[in-house]
Amino acid sequence: MRFGVHVGIGAGFPRKTIDEALAAGCDCIQIFAGNPRGWRRTPYDLKPWQEFRRLRDENGIAPTVIHTSYLINLTTANRTLHANSAQLVAYDLDVAAKGGIEYVNTHLGSYGDQDRAKGFARVCATIEKVVGAAKPGPMLLLENSAGAGNLCGGTLEELGAILKAVGSERVGVCLDTAHAWASGYDIRTARGVDEFVAAIDKHIGCARVRALHCNDTKVELGAKRDLHWHVAKGRIGSAGFRALLRRPEFAHVAVICETPKTPEDDKANVAVVRRLAGAPPRRARAKKA
């Protein structure tokens, strides 16, 4: 199990990005490849991305996850929105392939007022097409939603059905604990975690879960609201996170905190998840001779 946070790629990329990760005690990270609230695809500049890869390797930071834009909607019946979304996911997969980045994580979007069966068929076909056209290397991870409105992916059953329909080993899952709680999965106790993991294994397969967004929340169970909070300081609490993070089925996952963000908060949240997982603090990697 590896632990980290979402880090920036603004001014000073890639050196400041890696410095931010190391200051927080990360050995894995999540980034955006561009503006998360815009459609413009930033022209790929080989030199900084090559340096980013070198610095990750030098400091033992792996895996890396690219999180797609918040505007993405692969489920929508709106042709323009759908086309822009597919193109942006394809762009992020291309950046990941060029930069040796292991995962691209995306939200699936909303059905809106369309027939859900048609929306489901559309999102499956889109994922199959985008992944099929992508360069070899990165895996596309589908993130569970908080279940509000007509969002796609609010249940493990639906995520599993998408994986089955797409039928590609290059598609996996990222599970967000705050979203799972908001969707009605009671993971605040060891028993609740046992039931949650059993459902994951049944519908998705634990091996297909490659990342865990480790976020607590202040909302009530099943509230269908996406609101992140500091790990073990919300409704899920220490017992739930301890039980989840110590499941051997998830020993392979990248654990990413997406909690309210200051450098001090990031460091504290990473330290908490390490402790609850029973993992030692990160040790600095010895420099190569």
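Tutor: Start with the lining of the largest cavity. By class, this lining has 5 nonpolar, 7 polar and 3 charged residues. The model is a predicted one. In all, 15 residues line the largest cavity. Nearest its centre lie A33, G34, N35, L88 and D92. Helix α3, residues 79–99, gives the largest share of this lining, with 3 residues. The volume of the largest cavity is about 90 Å³. A search of the whole structure finds 1 cavity of 30 Å³ or more.

Now the open space. The largest pocket has a volume of about 300 Å³. Its lining counts 17 residues, and Q30, F32, Y70, H228 and E258 are the ones nearest the centre. Sorted by class, the lining of the largest pocket has 5 nonpolar, 7 polar and 5 charged residues. The second largest pocket has a volume of about 210 Å³. It is lined by 17 residues, and H107, L108, G109, S145 and L151 are the closest to its centre. The lining of the second largest pocket divides by class into 7 nonpolar, 8 polar and 2 charged residues.

Next, the helix packing. Two packed helices are described by the angle between their axes and the distance between the axes. Take α1 and α2. Their axes come within 9 Å and cross at roughly 25°. Angles under 35 degrees count as roughly parallel. The helices α1 and α2 are therefore roughly parallel to each other. Their crossing is right-handed. On the α1 side, R15, T17 and I18 make the contact, and on the α2 side F52, L55 and R56. The residues of this contact are 3 nonpolar, 1 polar and 2 charged.

The other pair is α7, residues 190–203, and α8, residues 237–245. The axes of α7 and α8 come within 8 Å, with a crossing angle of roughly 40°. So α7 and α8 are oblique to each other. The crossing of α7 past α8 is right-handed. From α7, the contact uses A190, V193, F196 and V197; from α8, it uses G240, A243 and L244. By class, this contact of α7 with α8 has 6 nonpolar residues, 1 polar residue and no charged ones.

Last, the backbone. Most residues other than glycine have a negative phi, and most peptide bonds are trans. First, F13 and P14 are joined by a cis peptide bond, with omega about 10°. P14 sits in the loop between β1 (2–6) and α1 (15–23). Next, the peptide bond from A62 to P63 is cis, and its omega is near 0°. P63 is placed in the loop between α2 (46–58) and β3 (64–67). Finally, K224 is a residue other than glycine with a positive phi, near 60°. K224 belongs to the loop between β7 (209–213) and α8.

The loop with P14 runs between β1 and α1, and α1 makes its contact with α2 through R15, T17 and I18. The loop with P63 runs between α2 and β3, and α2 brings F52, L55 and R56 to that contact. The loop with K224 lies between β7 and α8, and α8 meets α7 through G240, A243 and L244.

How values were computed: Residues are numbered from 1 along each chain as its sequence is written. This is a predicted model: local features need pLDDT of at least 70, side-chain atom pairs count only at pLDDT 80 or more; totals for chains, interfaces and linings use all residues. Side-chain values use heavy atoms; hydrogens and water are left out. Axes are lines fitted to C-alpha atoms, for helices over the stretch in contact, and angles run from 0 to 180 degrees between N-to-C directions. Helices (H or I, at least four residues) and strands (E, at least two) are DSSP runs, numbered from the N terminus. Angles under 35 degrees count as roughly parallel, over 145 as roughly antiparallel, 65 to 115 as roughly perpendicular and the rest as oblique. A crossing is left-handed if the near helix is turned anticlockwise from the far one by less than a right angle, and right-handed if clockwise. Contact means heavy atoms within 4.5 Å. Ala, Val, Leu, Ile, Met, Phe, Trp, Tyr, Cys and Pro count as nonpolar, Asp, Glu, Lys and Arg as charged, and the others, Gly among them, as polar. On a 1 Å grid over the protein atoms alone, a cavity is a set of points where a 1.4 Å probe fits but cannot get out, and a pocket is an open set with protein on both sides within 12 Å along at least five of seven lines; lining residues have an atom within 4 Å of a point. Grid points are joined across faces, edges and corners, and a volume is the space filled by probe spheres set on the points.
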